[in-house]
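Student: I should like to learn how to read this structure, one question at a time. May we begin with the terms that are needed?

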Amino acid sequence: NKKANLVSLPRDTYTITPAGNVAKLNSAYGRNGKGEEGMEGLLDYVEDIVGYRPDGYMLLDLEGFVSLVDVMGGVNFDVPMDMFYEDASQDLYIDLKEGMQKLNGKDAMGLVRFRSGYAMADLERVNVQREFLSACMEQWLSLKNAVKLPSALSTLTKATTDNLSTGNLIWMGLAGWHIGVGNIESITLPGRAEDRSGGSYYVLDAERVA
């Protein structure tokens, strides 16, 4: 029907492990061994939350994200605020100025990882990530960029852990092209920030989620 919906599950979503312990949703990947096992473990929680198991998954590593943005020629984006953050332990250095600019892969990575300066922290980062994704689709899914798609597909194949076939990837690319940016709705599962068990969590509103 030429429509698509993108649903974000915040990384700090409150979950209970099989052992009865409190944990954030994003920890499921590491607790289950990372890689394919980690993704399957994470999908167990996603299935509990949304009511069905997603048909597929794609895990894109940081270097692959940077390479993909560069292969596609960067992204024009209105950075919402000055962003500065550094963390040597993560080899992370972010230094962006507010305003419209063309982001290369490294700068784009800084944009989507930044959260320390937002009033709503990770929730606002999710909003920026969705806006960035929309900008990517709007700028990349055009006839002039068609020649870059084989290189982009090759980059994705090398930099991802997934259970998708090449046919799946091509279908999703064509579907995105067919749908267009104007027919994509993005939402975050409804909930609220709470302090529980000595930590800050995003507690889903079960009724509104349903």
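Tutor: Contact, or touching, means heavy atoms within 4.5 Å. The model is predicted, so local features need pLDDT of at least 70 and side-chain atom pairs count only at pLDDT 80 or more, while totals for chains, interfaces and linings use all residues. Residues are numbered from 1 along each chain as its sequence is written, and side-chain values use heavy atoms, with hydrogens and water left out.

Student: Which residues does Asn145 touch, not counting residues up to four places away in sequence?

Tutor: Asn145 lies in the loop between α5 and α6; helices (H or I, at least four residues) and strands (E, at least two) are DSSP runs, numbered from the N terminus. Asn145 is buried, at 5% relative accessibility, where buried means under 20% relative accessible area, exposed over 50% and partly exposed in between (1.4 Å probe, protein chains only). Leaving out residues up to four places away in sequence, Asn145 touches Met72, Gln139 and Trp140.

Student: Is Arg130 buried or exposed?

Tutor: Arg130 is part of helix α5. Not counting residues up to four places away in sequence, it touches Ser8, Ser186, Ile187 and Thr188. Its relative accessible area is 15%, so Arg130 is buried.

Student: At what angle do α4 and α5 pack?

Tutor: Axes are lines fitted to C-alpha atoms, for helices over the stretch in contact, and angles run from 0 to 180 degrees between N-to-C directions. Helix α4 (residues 105-113) and helix α5 (residues 122-140) have axes 8 Å apart, and their packing angle is about 140 degrees.

Student: Which word describes α4 relative to α5 at that angle?

Tutor: Angles under 35 degrees count as roughly parallel, over 145 as roughly antiparallel, 65 to 115 as roughly perpendicular, and the rest as oblique. Therefore α4 is oblique to α5.

Student: How far apart are the end C-alpha atoms of α5?

Tutor: The expected span of a helix is 1.5 Å times one less than its number of residues. The 19 residues of α5 should therefore span 27 Å, and this agrees with the distance between its end C-alpha atoms, 26 Å.
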